[in-house]
Amino acid sequence: MKQYKKNYELKNTAKDKMEGRYPRSILILLLSTLISGSVRLSINSVCSATMNSVYAMTGSMDAATAISFLFDALLLLAGILLGVMNAGITLYFLNLACGQPAAIRDLFYGFKTDSKQFLVISAAMMLCQALCLWPGQYLIRNYLATGEIKWLLYALTALAAGLCFYVPVSLGIAMSFYLMLDFPQNSGRETLALCWRIMKGQRGRLFVLELGFLPLMLLCILSFGIGFLWLEPYMQMTYTCFFLDLMNPKKD
């Protein structure tokens, strides 16, 4: 019978493996955040300026809204491309956990190899998020624009329904980048299917593990976000330990 580690054991293992390794880990995650944030901020800035120009020229809110949809699609595409960096982050923490050399350049590993596999996984994750959560976000925009309470009710309903689908699906494919690195001969679609099979019966365990970070997140918010610099690497290592335990559990 397979014997998996308890969540507190995974966290303790992650703490031990992260000892003395926070500076570079913080740097690689900070670099990823800065790159992603810069790209998204640029797209949003151009979108806002374009919408204002279109509205000024046409006087039509519908035309401005159509422009916003185009930029939403562009943001989704950018998110898929930027998501490939998660392969590099995954590789970096796997190397740390396994005692292998880990470097900042690992961040761009997904772009150096056969990136099609990683793009498929990134696209699946981003599309899952967009399809489940975007309707609620769109309805919130309507509420903010009109102030009508009905749009807020619609938004909350849509978000609740979206989360009911998003949470189990995202948990089911959460380890896909790890598996892609372990089985590089597989296609992206094969890796997603394999991850879905492996995570059967394990999604609840991963969900509880993620919920366990909420108190630390609240403390990080109270520190004006500074604490997240240390929490993010710790969380990444914990997920890495979860994957290693998932693939190599103890046996009674």
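## An exposed loop residue

Phe224 counts as exposed, at 80% relative accessibility; buried means under 20% relative accessible area, exposed over 50%, and partly exposed in between, with a 1.4 Å probe and protein chains only. Phe224 belongs to the loop between H11 and H12. Its phi is positive, at about 60 degrees, although Phe224 is not a glycine. Most residues other than glycine have a negative phi.

## Basis of the description

The model is a predicted one, in which local features need pLDDT of at least 70 and side-chain atom pairs count only at pLDDT 80 or more, while totals for chains, interfaces and linings use all residues. Residues are numbered from 1 along each chain as its sequence is written, and side-chain values use heavy atoms, with hydrogens and water left out.

## Overall architecture

The chain has 12 helices and two strands; these are DSSP runs numbered from the N terminus, helices being H or I with at least four residues and strands E with at least two. In sequence order the pattern is β-α-α-α-α-α-α-α-α-α-α-α-α-β. Along the principal axes, the C-alpha atoms occupy a box of roughly 70 × 40 × 35 Å.

Of the 252 residues of the chain, 38% count as buried. Among contacts (heavy atoms within 4.5 Å) with a separation of 6 or more, 73% are between residues 24 or more positions apart.

## Packing of H11 and H12

Two packed helices are described by the angle between their axes and the distance between the axes. Here axes are lines fitted to C-alpha atoms, for helices over the stretch in contact, and angles run from 0 to 180 degrees between N-to-C directions. Helix H11 (residues 214–222) packs on helix H12 (residues 228–247) at an angle of about 160 degrees, and their axes lie 9 Å apart. H11 and H12 are therefore roughly antiparallel to each other; angles under 35 degrees count as roughly parallel, over 145 as roughly antiparallel, 65 to 115 as roughly perpendicular and the rest as oblique.

Leu216, Met217, Cys220 and Ile221 of H11 meet Phe228, Leu231, Tyr234 and Met235 of H12. The residues of this contact comprise eight nonpolar, no polar and no charged. In this classification Ala, Val, Leu, Ile, Met, Phe, Trp, Tyr, Cys and Pro count as nonpolar, Asp, Glu, Lys and Arg as charged, and the others, Gly among them, as polar.

## Helix H6 and its partners

The axes of H6 and helix H7 (residues 149–172) cross at roughly 165 degrees and come within 8 Å. That angle makes H6 roughly antiparallel to H7. The contact of H6 with H7 has 18 nonpolar, seven polar and no charged residues.

H6 also packs against H9, at an angle of about 50 degrees and with the axes 8 Å apart. H6 is therefore oblique to H9. In this contact Gln117, Val120, Ile121 and Ala124 of H6 meet Gly188, Arg189, Thr191 and Leu192 of H9. By class, the residues are four nonpolar, three polar and one charged.

## Nonpolar cores

A nonpolar core is a set of buried Ala, Val, Leu, Ile, Met, Phe, Trp, Tyr and Cys residues joined through side-chain atoms within 4.5 Å. The largest has 45 residues, and those with the most contacts inside it are Phe93, Met175, Leu206, Met237 and Phe242. At least two residues of this core come from each of helix H1 (7–18), helix H2 (22–58), helix H4 (85–97), helix H6 (115–146), helix H8 (176–182), helix H9 (188–198), helix H10 (203–211) and H12. Another core, of seven residues, lies apart from it and includes Val54, Ile67, Phe71 and Ala78.

Not counting residues up to four places away in sequence, Phe242 touches Leu10, Met175, Met199, Gln202, Arg205, Leu206 and Leu209.

Ser25, in helix H2, is buried with a relative accessible area of 0%. Beyond residues up to four places away in sequence, Ser25 touches Met18, Tyr92, Phe93, Leu96 and Pro233. Ser32 lies in helix H2 as well and counts as buried at 10% relative accessibility. With residues up to four places away in sequence not counted, Ser32 touches Met85, Ile89 and Leu107.

Ala78 is part of helix H3 (residues 61–83) and is buried at 11% relative accessibility. Its contacts, leaving aside neighbours within four places in sequence, are with Val39 and Ile43. Ala78 and Ile43 are 35 residues apart along the chain, and their C-alpha atoms are separated by 9.1 Å.
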